[in-house]
Amino acid sequence: MASAVLKVAVAGISRCSRAALLRAHSTTAALQQGVPGSPWKLGKLNHIAIAVPDMEKATALYRDVLGATVSEKVPLPEHGVYTVFVELGNTKLELLHPIGEKSPISGFLQKNKSGGMHHICIEVDDINAAVADLKSKNIRTLSAEPRIGAHGKPVMFLHPKDCDGVLVELEEA
């Protein structure tokens, strides 16, 4: 009986120690990682984009109800959207609202009337090297070349069917 209790106690300690060890290696600090020998490195999460049917209502939620700092609404006609950035301690939210019927966000909102998560944006140190490498690994992109994004930096969207159902935006850091 005592040996059984001791085995359970030791097993419990080792499980707790493993969990603590795993958490100790988790960090929100800036991190550059990549495949060894790769010409580019993956950086931090830049933002999570949320398509919203009512930009003013969504902005008020984050600013007035949750107390976050929000940017002004900025039109990006080349991408067919208005954007508002919500500043968080370790990342940002990008609120997206369509400019016109041909906006990709219009189509998203037709399928998702209440809005929802649209994409994630991850920084890379070299967008051109990242795109070339990913294309060589059969990851499709949504445009032939990187375009200038909301932060004035080159961006590229990766096809969600090649990224486990997630639309991924890469942004040069």
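Modeller: Start with burial: buried means under 20% relative accessible area, exposed means over 50%, and partly exposed lies in between, with a 1.4 Å probe and protein chains only. This is a predicted model, where local features need pLDDT of at least 70, side-chain atom pairs count only at pLDDT 80 or more, and totals for chains, interfaces and linings use all residues. Residues are numbered from 1 along each chain as its sequence is written, and side-chain values use heavy atoms, with hydrogens and water left out.

Biologist: Why is His-118 called buried?

Modeller: Its relative accessible area is 16%, under the 20% limit, so His-118 is buried. His-118 sits in strand E6, residues 116-124. Strands are DSSP runs of E with at least two residues, helices are runs of H or I with at least four, and both are numbered from the N terminus.

Biologist: What makes the pair His-118 and His-119 a polar contact?

Modeller: A polar contact is a pair of N or O atoms within 3.5 Å; within protein, one must be able to donate a hydrogen and the other to accept it, and residues adjacent in sequence count only if both atoms are side-chain atoms. Here side chain meets side chain at 2.9 Å. Therefore the pair counts.

Biologist: Which residues beyond its sequence neighbours does His-118 touch?

Modeller: Contact means heavy atoms within 4.5 Å. Leaving aside neighbours within four places in sequence, the partners of His-118 include Ala-49, Ile-105, Phe-108 and Leu-167.

Biologist: Is Thr-141 buried or exposed?

Modeller: Buried, because its relative accessibility is 18%, and the limit is under 20%. Thr-141 lies in the loop between H4 and strand E7 (147-148). A polar atom of its side chain is 2.8 Å from the backbone oxygen of Ser-143.

Biologist: What makes Lys-73 and Glu-56 a salt bridge?

Modeller: A salt bridge needs a side-chain nitrogen of Lys or Arg within 4 Å of a carboxyl oxygen of Asp or Glu. Lys-73 and Glu-56 are at 3.2 Å, N to O, so they qualify. The pair links distant parts of the chain, 17 residues apart: Lys-73 is in the loop between strand E2 (69-70) and strand E3 (74-76), and Glu-56 is in helix H2.

Biologist: How many salt bridges are found in the whole structure?

Modeller: Four. Another one joins Asp-133 and Lys-137, with the closest N and O atoms 3.1 Å apart.

Biologist: How is Asp-133 labelled, and why?

Modeller: Buried, because its relative accessible area is 15%. Lys-137, at 43%, counts as partly exposed.

Biologist: What makes a nonpolar core?

Modeller: A nonpolar core is a set of buried Ala, Val, Leu, Ile, Met, Phe, Trp, Tyr and Cys residues joined through side-chain atoms within 4.5 Å. The largest one has 14 residues; Trp-40, Val-124 and Leu-158 are among those that touch the most other members. H4 gives the most to this core, with five residues. In soluble globular proteins, nonpolar side chains tend to be buried together.

Biologist: Why are Leu-61, Val-65 and Leu-66 called a patch?

Modeller: Patch members have over 30% relative accessible area and no salt bridge; like charges are joined within 9 Å, and nonpolar side chains (Val, Leu, Ile, Met, Phe, Trp, Tyr) within 5 Å. Together the three have about 300 Å² of accessible area, computed by the Shrake-Rupley method with a 1.4 Å probe; for residues, only the protein chains shown count as cover.
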